[in-house]
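Here's a quick briefing to read with the model open beside you.

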Amino acid sequence: MASHRLTRIQRQSWDGSRWKASILIVAVILVSVFSLLVNMTYVKHVLSDVPLSPIQTLSKLATSMDAKSDRSCSIPTFRASSRGRTRNISCQRIKPSEQSCKLAEKYFSDQQPRDCGSYTELCTLKFADKQQYLHCHQEACPFGVFVLGTFSPKMGTMIWTTFPTSKMLERRFQQLVTNNDSSMKSGIAFIECRVNVTLEEHVTTNTACMALQDDVRKGRKLYSKQLLIFPNITEPVDKGTREKTNSRLNINILLIDSVSHSHLFRTLPLSLERLRRMDEDRTHDHYVFNFDRMQSLRAATHESLQVLFAGQFFQLRRVFPFRPMFSALRKKGYSIIWNEDICWQQNWGMAKYFDVFKESWMDTRWDQFQKMASSTFVDYSGASIASCEQMYFSCVKDPFQKEPVCYNGHYQHWYILEYAKQIQSFYQQESKPYFQYTEFNVAHSSDGNRVKTLDKDLEAYLEYISTTNNTLTVLLSDHGTKYTEYAMTDREGHVELFHPFLFILAPRNLADFVGTLGMNNLAENQDRLVSFLDIHLMLRYLIGMSPIPDNTHLSDFDFQSRGLLDTISPARTCSSLPLFRGTGCICDTVLNITRTIQDSGHLVLAEYGLGYLNNQIQSQAHQGRNNADKLCNRLVGTDISDVIETKGKNDAIEVKMRIYIKQGKPYRTPDVYSFIFDISWSSGRIDVGWFGPISIYGKYGTCRDRDVDPIICICDVETDPTTDSGIASLDKYTRTFNLTSVKRRTSRCLTILERRRKTGLVLEAVNLCRGVPIEFEVTGVTKNVASTSGLPARYIIHGEGSLFLVAFLLADCREDWSVNYAVEEHSISIS
């Protein structure tokens, strides 16, 4: 029997916190007075000694000693007049510290992404009498051959055809257009000039791409390319009853992934200036509404779009629930366009939303994709089809790389916006209603600067939008950037993660659809706390869908049936919104949240969190292969930070923290995860409420175990995992969070590892024998502790495996605690 009897230290001291706050107040007052005497100017001081955790509520942990804000270090606003209008708003945005603003300037002010070089025009596409005519320039390809690439909707691939002369290419193109060939329906075609480049060398892999580019740079080959955009729009096939009407409001949604409210102001100045001109110039056909308290419901695109299009949250759907809204649009006579900068062959974007990204489906993926697009009434997705070829020739597989995707002198998003403009122009001319969704992932990068490449092209697109009529444009993001150094290390960077931007460009005739009251509410709600749910409810109303019943999953939250078109309460706070676990609140409210001084009890929780993940890694790897290669490292903790405790109901508590984990080779900085632990002191139960990576987990894509969830697999990129011979000793298990385990060997194969601290105890088991599973039982008696599982408990541990067993945490710091346990092995039959 093993026994530990210790006294827990106080986890939190209100008196201590107040004493520290008093010292800080005195210090700030003295510094302020000194500054006034010397400079006769006001100097602001913000206390930000505690980094903020990006979980559940990001309330300020150290109170600002002055209500006045230094203008150089405040949340940017679209209109200067809006600064003084928010006194009666309950949600006041958390203020950034002066240090945060300096860091943001350091990371984002000077860095500029590379440009895309010069543009080569091989052919010119002309429009006359609603027909397209192609004129190609032979002099642009004097020593090579022209190649035409068209998309086959039957096979889901590009078809490449060689033409010795430009005239032959022109005639073939005209035949395809005149005959309304199916290859023209996508509205895109590629023109190439090749010298010493055969069709067999067409780029489909990164290796082939880099080899071809190297040949071109060295002059061995000549390779010019051009993308033609000509949305070949035909009336969608009738599906069900359609209302033949031209009086519907066009809806145009443009989402930029991973751009916070503040980052928009840092990186897209031309676009902002265009929006301000639209706002100030009353001759424009649009009103501009900016909602500067936009709260993310979760910092993830998939979940955000599920709320936007379906009003559903918490219960995630593998197949995206487009159908109800898109079906309603179709019945009202709308055509539906979906544009994105992700290739449909990849595991993101529409392929993920349609749940057709399984690797085993690669041969039939296009068929599955078409079926899902048809069943959800998506009529046009040519931009996604073009994205595949653009990425092939940029030697990347997705838009999440560091460098921007370029194609023939233009950024990828230029082509997508051009496609969007042309398709909108057609529907404007024909007075037919359309619903268009465009998604950009150009900001989804680790440096936060690549989004600057979008500014010039977005500004031009917004200028075009200002000339459209009868069109409501929603310009927004889903969350801030996740993977920049600023987001991962700075308090304000964490807050920005949950503060996306939102603009609504409303046509002058919107009042015909929503009434004067609706227009007034849009204006009034600009200062209120809003979310994707409010946008969804507004869209439902505009489309003519029935309101969500009061007895649904929304009944526990503050919402209005018309969303942004109804009055949103100025008293709304994050507690009134359906925030996912792990989502931070942008409002500067304290509620029941207290800063907590880290102690050994929090390390016990951290060990439980990593043990919870290690058990998942072991289980998933074992289920995937009977002889798991152990590609994923065992997660070993190095430190914790940003511990926040929130008091709940019935003596419950929520503990949030960041856990730092030993990184895989060759990386030099620890990986970081956020955790939420739920503790019920009355029942004595501890559970993992939520976890999520903060650092970039995609960097382990080349070495991870394919059977293990990628967000929990950390591995050695530089080490060949197949050379791992398994567990040879206990060395890899004996130390975590700078504490060495006590080894209690119960048999030749089984060893129990103890790690005890002042306020708790952790037990872990290791099986040193290859191919021999062990079944055992832990029994015992405890006093004054909460635990992650009760005793007795029975376990099975696989050969050369480890298993986290249980964590015990002191419950009442005024009393002693004890844990007495015993381990008994049982025979296990192997058939």
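**Briefing on the predicted model**

Let's start with Arg 293, which sits in the loop between β9 (286-290) and β10 (294-295). Helices (H or I, at least four residues) and strands (E, at least two) are DSSP runs, numbered from the N terminus. This is a predicted model, so local features need pLDDT of at least 70 and side-chain atom pairs count only at pLDDT 80 or more, while totals for chains, interfaces and linings use all residues. Residues are numbered from 1 along each chain as its sequence is written, and side-chain values use heavy atoms, with hydrogens and water left out.

**Arg 293**
- Arg 293 is buried, at a relative accessible area of 6%; buried means under 20% relative accessible area, exposed over 50% and partly exposed in between (1.4 Å probe, protein chains only).
- A polar atom of the Arg 293 side chain lies 3.5 Å from the backbone oxygen of Asp 527.

**Disulfides**
- Counting a disulfide as a pair of cysteine sulfur atoms within 2.5 Å, you get 9 disulfides.
- Cys 116 and Cys 406 are joined by one of them, with an S to S distance of 2.0 Å.
- The torsion about the S-S bond of Cys 116 and Cys 406 is about -75°, so this disulfide is left-handed.
- Cys 116 is in the loop between α2 (98-108) and β2 (123-128) and Cys 406 is in strand β12 (residues 406-407), so the pair ties together parts that are 290 residues apart in sequence.
- Cys 116 is buried at 14% relative accessible area, and Cys 406 is buried with a relative accessibility of 14%.
- Another disulfide links Cys 123 and Cys 136, whose sulfur atoms are 2.1 Å apart.
- Here Cys 123 belongs to strand β2 and Cys 136 to strand β3 (residues 131-136), 13 residues apart.
- The link of Cys 123 and Cys 136 is right-handed, with 100° about the S-S bond, and both cysteines are buried.
- Cys 343 and Cys 388 also form a disulfide, at 2.0 Å from S to S.
- That pair connects distant parts of the chain: Cys 343 is in the loop between β11 (335-340) and α9 (349-353), and Cys 388 is in helix α11 (residues 382-392), 45 residues apart.
- With 85° about the S-S bond, the Cys 343 and Cys 388 link is right-handed, and both of its cysteines are buried.

- How far apart are the end C-alpha atoms of helix α17 (residues 532-543)? They are 16 Å apart, which agrees with the 16 Å that its 12 residues should span at 1.5 Å a residue; the expected span is 1.5 Å times one less than the number of residues.
- In α17, 11 of the 12 residues are buried, so this helix is largely enclosed by the rest of the structure.
- The buried residues of α17 include Phe 532, Asp 534, His 536, Arg 540 and Ile 543.
- Among the buried residues of α13 are Asp 455, Asp 457, Glu 459 and Tyr 461.

**Strand β27 and its partners**
- In strand β27 (residues 760-767), 8 of the 8 residues are buried, so the strand is largely enclosed by the rest of the structure.
- Both faces of β27 are covered, with Gly 760, Val 762, Glu 764 and Val 766 buried on one side and Leu 761, Leu 763, Ala 765 and Asn 767 buried on the other.
- Strand β26 (residues 750-757) pairs with β27 in the antiparallel sense over 8 bridges; two strands pair if DSSP finds at least two bridges between them.
- β26 and β27 make a hairpin with 2 residues between them, and Leu 750 has Asn 767 in β27 as its bridge partner.
- β27 also pairs with strand β31 (residues 802-810), antiparallel over 7 bridges, and the bridge partner of Leu 761 in β31 is Phe 808.

**Confidence**
- The protein chain has a mean pLDDT of 82, and 80% of its residues reach 70 or more; pLDDT is the predictor's confidence in each residue, from 0 to 100.
- Among the chain's elements, strand β15 (residues 471-476) has the highest mean pLDDT (98) and strand β1 (residues 2-7) the lowest (35).
- Over residues 1-21 the pLDDT is below 50, and this stretch has 56 contacts in the model beyond near neighbours in sequence; a contact means heavy atoms within 4.5 Å.
- For residues 31-72 pLDDT stays under 50, and the model has 105 contacts beyond four places in sequence for them.
- Where pLDDT is low, the predicted coordinates should not be read in detail.

Conventions. A polar contact is a pair of N or O atoms within 3.5 Å; within protein, one must be able to donate a hydrogen and the other to accept it, and residues adjacent in sequence count only if both atoms are side-chain atoms.
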